[in-house]
Amino acid sequence: MENHKACENCHHFNAQSLQKLGVKVGEADYIIALAGNPNTGKSTVFNALTGLRQHTGNWPGKTVIRAEGAYAYNDKKYKLVDLPGTYSLLSTSEDEEVARNFILFGKPDVTVVVVDASRLERNLNLVLQILEITDKVVLCLNLMDEAKRNNISIDQRTLSRDLGIPVVATSARYKEGIQELIQTIEEVANGTIKCKPNQLINIPENIKTAVEKLVIELEKQFPKLPNKIWIAMRLLQGDQRIIKALESGELIEE
Amino acid sequence: MNNKVENIVELANDLRWQIGDEFHDHLTESIYADAAKIAEASVTTENSKSRFRLDAKIDKIVTGKIWGFPIMFLILGLVLWITIIGANYPSSMLATLLLDNIHPVLKSFAAGIGMPWWLDGLLIDGVYLALAWVIAVMLPPMAIFFPLFTMLEDFGYLPRVAFNMDYLFKRTGAHGKQALTMSMGFGCNAAGVVATRIIDSPRERLIAIITNNFSLCNGRWPTQILIATIFIGAVVPSSLSGFMSVSAVIGIAILGIGFMFLSSWLLTKTVLKGEVSTFNLELPPYRPPRIWKTIYTSLIDRTLIVLWRAIVFAAPAGAVIWLISNISIGDQSIAAWIINALDGFGWLIGLNGVILLAYIVAIPANEIVIPTILMLTVLFTGITGGEGAGVMFELDSANETANILKAGGWTLLTAVNVMLFSLLHNPCSTTIYTIYKETKSVKWTVIASLMPLLMGFVVTFLVAQVWRIF
């Protein structure tokens, strides 16, 4: 983690201007969603950023409702929303719906996906699904200390290039890498870093035509609708919440 | 606008017929394949055999067939033991401070400013004493129990408990994750009910909600511990009485788990039939608990919040007790009328009218059952020793408490049935409200509230009948 130690001293990172605001959310300049698998330390990252002491526990499913907190950095206020930990966004349990609906309808400026560095492959399933919904994603490679203990090393550059999004390594329990995470969130939020996620999910051939047909139709009816491919797939599944959202128009950005 | 949506939904429905129902599986598979490819490119693992070796070794023991359950009970017993022993001293100190020192000061202050007797009684003898008792009795055990429980949680033991119990839950037709919500219920049933949100299937979630009340909650541990200490511990030689009391309390807790399985099974066989869903329970790595942080956060997050809840509910309850004891209709107080009316039924189930009235008054908070019983017993039997009519109080020693209860007609049967009834009765009002908020159904809220009460009546009735035969 030596590089992060260096970050703290680097003039690029403006440590003095970080202000943990706790629950004083108020009017925020940016809304940041915190997503991830259960038990990856999301709440610990949340606490490290906001200075709050949201209860953390070593068991999956601890956060069932979303918690909100705030911090200010370089004169901008960030509202941070801690979502329930989920393995995917495709099923219908209440916690998964809370997470999915927020990323979709809450329109966060940046979504930080916290993953367990020693279980990267399994965690990536969720990352890929989130990238289908939103571009502005920062991957927080958390629990680096445990990965190190288990002799796992991760090539962050390759990972970042393959995913097309910035990757930050952290050990939130020991407050390592948090500064770099804050800096990266800022740069994604204000557009300094442009995320270019690759079209990641290889849609299976046999359903490709069905998805394409729907996308064309969506294009015609709702030209302003973002992430049409994902919505087409949800419609193919008969997702009632998405149908309702189409009717109310809440998916369309102003 | 709606027309547009209808067209699209129709198109989607048509297309769904063409692609068949394996769409979801195909999609999931391709996501997994992509994830594997990306991970492979960036992750290198040296010496892969050493990965998680220690964790796996520990798991083999604590989730094993032979040691899994004994270790679970041992840990539960140890946590209880530390709580019982550790809470004694600070509890009596707080009682001395709040009841013996501050209460008289308040009384003389009230007399000094010429407060009318009824206001003085209502506020100081009613509300204040109820609060004082709840703080003295609840704060120390909570301040010990919650950090210990949180440390187990932090360390990663809870998912192992769920893993051990998973098979039993499956057998009863419930969801394995119910083990986690059950564990939360041991702290607070309302928290346990909220935690059921982790269960996907509505059917299994309802089962978890309805049966959560069988987890002995924090408000009921003190009742169990006190009664076990006074009555159960006393039937064996004093060298064994501590061990006997703890065993009795653990026995009741295990009985609660048994009732939870039984009622889960009954529900799945009757009103909540359905398939058991499968799920993957991840056993997270063991993490060294951060002791100071754990103590701090569990004191703030759990102890103070639960205590605050108890205080909020105990205050009006204290006022009610004082009022029903001091307002008379005809020749006796309202409390006396109710007790007389309930006595017959009480006797039938091995309890008495006082206990039943206490359980009605204590619907908002289980914590105040024992003080209410003591107060009403003194009032009703006319023995001296209490502070006065309608006043909650605590006695200096377990012996004195025992004397009062015995004067009130308590036997070993009464004690056993109070312990059983404390386990098996309606949830507190906070939990009932939480159940309603989570299920949004009056029907299920009523079922969840009355089912355990009914079970309590049946069990205590049977125990009383069998007991009286011998």
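A: In this predicted model, helix α2 of chain A is followed by A:Gly51, whose phi is positive, near 75°. The buried residues run from A:Lys42, A:Ser43 and A:Thr44 through A:Val45, A:Phe46 and A:Asn47 to A:Ala48, A:Leu49 and A:Thr50.

Chain B has a buried residue that sits in a loop. B:Cys188 lies between α7 (178–187) and α8 (189–195) of chain B. Its relative accessibility is 16%, and because buried means under 20%, B:Cys188 counts as buried. From B:Cys188 to B:Ser215 there are 27 residues in sequence, while the C-alpha atoms of the two are 8.5 Å apart in space.

A nonpolar patch on the surface consists of B:Phe345, B:Trp347, B:Leu348, B:Val458, B:Phe461 and B:Leu462, which together have about 560 Å² of accessible area. Helices α13 (334–348) and α19 (442–469) of chain B each supply at least two residues of that patch. One of its members, B:Val458, is placed in α19 of chain B and is partly exposed, with a relative accessible area of 44%.

The other patch is negative, and it is formed by A:Glu247 together with B:Glu6, B:Glu10 and B:Asp14. Helix α1 of chain B (residues 2–19) gives the most to this negative patch, with three residues. B:Glu10 has its place in that helix.

Methods
Residues numbered from 1 in each chain as written. Chains lettered and ligands numbered in written order. Predicted model: local features only at pLDDT ≥ 70, side-chain atom pairs only at ≥ 80, totals over all residues. Heavy atoms only, no water. Patch = residues over 30% accessible without salt bridge, like charges linked within 9 Å, V, L, I, M, F, W, Y side chains within 5 Å. Areas by Shrake-Rupley, 256 points an atom, 1.4 Å probe, with all protein chains shown as cover. Salt bridge = Lys/Arg side-chain N within 4 Å of Asp/Glu carboxyl O. Lys, Arg positive; Asp, Glu negative; His and termini not counted. Charge placed at Lys NZ, Arg CZ, Asp CG, Glu CD. Helix = DSSP H or I, 4+ residues; strand = E, 2+ residues; numbered from the N terminus. Buried < 20%, exposed > 50% of the residue type's maximum accessible area, 1.4 Å probe, protein only.
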